[in-house]
2 protein chains.
Amino acid sequence: MDNYSSKLIEDAVNQISKLPGIGKKTALRLVLHLLKEKPEDVQLLTGSILKVRNEIKYCKICHNISDNEICSICSNIKRDKSLVCVVQDIRDVIAIENTAQFNGVYHVLGGIISPIDGIGPDDLNIKSLIEKAASGSIKEIIMALSSTIEGDTTVYYLNKKLKVYNIRVTIIARGVSIGDELEYIDEVTLGRSILNRTLYDIK
Amino acid sequence: MDNYSSKLIEDAVNQISKLPGIGKKTALRLVLHLLKEKPEDVQLLTGSILKVRNEIKYCKICHNISDNEICSICSNIKRDKSLVCVVQDIRDVIAIENTAQFNGVYHVLGGIISPIDGIGPDDLNIKSLIEKAASGSIKEIIMALSSTIEGDTTVYYLNKKLKVYNIRVTIIARGVSIGDELEYIDEVTLGRSILNRTLYDIK
């Protein structure tokens, strides 16, 4: 147990080191940094944290984080509402948005099926996805989940639930990452990338 | 520029990523973590940060951080006030306190002399150290600064200022770290550790 010779420092270090990936040493470094900052700037930091925690909403349509009832993607008239990309969480939405390759909308599950962690289908935003599918407004659902056992299980489960509707269910391509050297790639990925080869297309 | 589809998230990420060593990705991870925490717990975090920034004091004697006018070390009657350990900043106080090997008091300079960074003697808590020395209450001053050009310069400067007083000025031992393998140690450290060898003493 470190001796900070100050209860105030100790409290702040203990609180900050509760954050994931931040230990006591880093927390102390952050506290000592904040002590040198202007009080107004520290107020801006804590204010923005409190504000995001207390005011954030979840989109009623796609469960994405949102400043309003409906998120900026679902309320954008230029996005194709008949094309739904199913993702595990909000970070995936940000990652896919950053590619600028997708013009549909999302459906955030809020997790993936993981019996080990006690997460079953009922703990995820699956019911609302089925309802959307049943409404007949969706043409295609893209499964953009991690290529893990849990991800594959979730895709399998969703596909079974969705196949009664007339919807094209697709899955993002698995294969060799751009820039990867072949010799370092695991054989499952490499095998799948050969099976799922696409026509070489010089434009 | 990432698209967070939420101004609240964006603000919090921008504020958190101003902290040293925290980038946008880590900041987003922290924000998404905080969204899952109870509002009361987030309040505890931000409250402790605001409190430490607004209420922290600096000890009038040693310039250490303190909850009161005089820090818990300087006000501890069991500590030897005639033995003063000069350190660069508060972190060094914590590091030395954790060794449980020192029973004197500290003097926190608040930095070291570094012409490149524009830090001269007048920017540091040197005047109060000289005053303490002049008062005749100090028997020994231990220089516990980093073994860098700046650290050595500061020690040289302080020693010159202090030698008019009848005070023993010492410097912490430089040498081979416990657990280090000899072949990986730089020659200056190794050379000094041979010059400053101590008698092998089996207790």
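How many Å separate the centres of domain 1 of chain A and domain 2 of chain A? The model is a predicted one, and in it the two centres, taken over C-alpha atoms, lie 35 Å apart. The domain assignment of chain A places domain 1 at residues 7-55 and domain 2 at residues 65-171.

Chain A can next be set against chain B. Chain A is superposed on chain B by a rotation of 180 degrees with 0.0 Å of shift along the axis, at an RMSD of 0.1 Å. That is how a two-fold axis relates two copies. The residue of chain A that comes closest to this rotation axis is Thr46(A), whose C-alpha is at 2.6 Å.

The contact between the chains draws 50 residues from chain A and 50 residues from chain B. On the side of chain A that touches chain B, at least two residues each come from helix H1 (7-16), helix H2 (24-36), helix H3 (39-55), strand S2 (65-66) and helix H4 (90-99). H3(A) gives the largest share of that side, 14 residues. By class, the side of chain A that touches chain B has 27 nonpolar, 13 polar and 10 charged residues. Of the interface residues of chain A, 100% are also interface residues in chain B, so the copies meet through the same surface.

Two helix pairs across the contact involve H3(A). Two packed helices are described by the angle between their axes and the distance between the axes.

One pair is H3(A) with H3(B), residues 39-55 of chain B; their axes come within 10 Å and cross at roughly 175 degrees. Because angles over 145 degrees count as roughly antiparallel, H3(A) is roughly antiparallel to H3(B). H3(A) contributes Pro39(A), Val42(A), Gln43(A), Thr46(A), Ile49(A), Leu50(A), Arg53(A) and Asn54(A) to this contact, and H3(B) contributes Pro39(B), Val42(B), Gln43(B), Thr46(B), Ile49(B), Leu50(B), Arg53(B) and Asn54(B). The residues of the contact of H3(A) with H3(B) comprise eight nonpolar, six polar and two charged.

The other pair is H3(A) with H1(B), residues 7-16 of chain B, which pack at an angle of about 150 degrees with their axes 9 Å apart. H3(A) is therefore roughly antiparallel to H1(B). Their crossing is left-handed. From H3(A), Leu44(A), Leu45(A), Ser48(A), Ile49(A), Lys51(A), Val52(A) and Glu55(A) meet Leu8(B), Ile9(B), Asp11(B), Ala12(B), Gln15(B) and Ile16(B) of H1(B). The contact of H3(A) with H1(B) has eight nonpolar, two polar and three charged residues.

Technical notes:
Residues are numbered from 1 along each chain as its sequence is written. Chains are lettered from A and ligands numbered from 1 in the order in which they are written. This is a predicted model: local features need pLDDT of at least 70, side-chain atom pairs count only at pLDDT 80 or more; totals for chains, interfaces and linings use all residues. Two residues are in contact if their C-beta atoms, placed from the backbone, lie within 7 Å. Helices (H or I, at least four residues) and strands (E, at least two) are DSSP runs, numbered from the N terminus. Ala, Val, Leu, Ile, Met, Phe, Trp, Tyr, Cys and Pro count as nonpolar, Asp, Glu, Lys and Arg as charged, and the others, Gly among them, as polar. Copies are superposed by least squares on the C-alpha atoms of residues with pLDDT of at least 70 in both. Axes are lines fitted to C-alpha atoms, for helices over the stretch in contact, and angles run from 0 to 180 degrees between N-to-C directions. Angles under 35 degrees count as roughly parallel, over 145 as roughly antiparallel, 65 to 115 as roughly perpendicular and the rest as oblique. A crossing is left-handed if the near helix is turned anticlockwise from the far one by less than a right angle, and right-handed if clockwise. Domain bounds come from an automatic or database domain assignment.
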